[in-house]
Amino acid sequence: MSTVSQLFTSPAADVWRVIADGWLYSGWVVGASRIRDVDAEWPQQDARLHHSVGAWPLVIDDSTRVTAVEPGRSLELVARGWPMGEAKVEITVEDRGGQCLVTIAEDAIRGPGKLMPKFLRDPLISARNRETLRRLELMAVGGAGK
């Protein structure tokens, strides 16, 4: 899996508040262009958020499902964006007092993205997730989800 980490200047609780609000997903996840609906149970296991990926007018409607969660600490997802495929995404938040270390590990698990050689897809996923972490930190610092 492609793995990137970033030390945030925000407390873990502030970061988790953003992650736990499915309606904020398109604000920090690179590639998600809008949220259409969020299951009331989000981010509990098997809950889904319904999003679109891409830029208008070329948007694809799909969903992301929670496969495992440890509230305040980790979230495991299967993110769909067919016809491109599906990816397994693991987000962890490690509390360090007034700061936290946030890690995203991701890899393609189904579809055309899985056919791309790992040595080619890993740098692309890593670049995308570095920007995703940058956006997540800005939203946490700005008080999103309060």
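Residues are numbered from 1 along each chain as its sequence is written, and side-chain values use heavy atoms, with hydrogens and water left out. Because the model is predicted, local features need pLDDT of at least 70 and side-chain atom pairs count only at pLDDT 80 or more, whereas totals for chains, interfaces and linings use all residues.

Two packed helices are described by the angle between their axes and the distance between the axes. Helix H1 (residues 12-20) and helix H4 have axes that come within 9 Å and cross at roughly 110°, where axes are lines fitted to C-alpha atoms, for helices over the stretch in contact, and angles run from 0 to 180 degrees between N-to-C directions. H1 and H4 are therefore roughly perpendicular to each other, a term used for angles of 65 to 115 degrees. The contact (heavy atoms within 4.5 Å) involves Asp14, Val15, Val18 and Ile19 on the side of H1, and Leu136, Met139 and Ala140 on the side of H4.

Side chains of opposite charge can pair when their charged atoms come close. In the whole structure, 16 salt bridges are found, each defined as a side-chain nitrogen of Lys or Arg within 4 Å of a carboxyl oxygen of Asp or Glu. One of them joins Glu106 to Arg128, with the closest N and O atoms 2.9 Å apart; since Glu106 lies in strand S7 (residues 99-110) and Arg128 in helix H4, the pair ties together parts that are 22 residues apart in sequence. Glu106 is buried, at 8% relative accessible area, while Arg128 is partly exposed, at 28% (buried means under 20%, exposed over 50%, and partly exposed in between, with a 1.4 Å probe and protein chains only). Within helix H4, Arg134 forms a salt bridge with Glu131, again with the closest N and O atoms 2.9 Å apart, and these two residues are three residues apart, about one turn of the helix.

In strand S4 (residues 60-70) lies Thr67, which counts as buried because its relative accessibility is 17%. Leaving aside neighbours within four places in sequence, Thr67 is in contact with Gln45, Glu76, Leu77 and Val78.

On the surface, Met116, Phe119, Leu120 and Leu124 form a nonpolar patch with about 430 Å² of accessible area together. Leu124, which lies in helix H4 (residues 118-141), counts as exposed because its relative accessibility is 55%. Patch residues have over 30% relative accessible area and no salt bridge, with like charges joined within 9 Å and nonpolar side chains (Val, Leu, Ile, Met, Phe, Trp, Tyr) within 5 Å.

Key
Accessible areas come from the Shrake-Rupley method with a 1.4 Å probe; for residues, only the protein chains shown count as cover. Helices (H or I, at least four residues) and strands (E, at least two) are DSSP runs, numbered from the N terminus. Angles under 35 degrees count as roughly parallel, over 145 as roughly antiparallel, 65 to 115 as roughly perpendicular and the rest as oblique.
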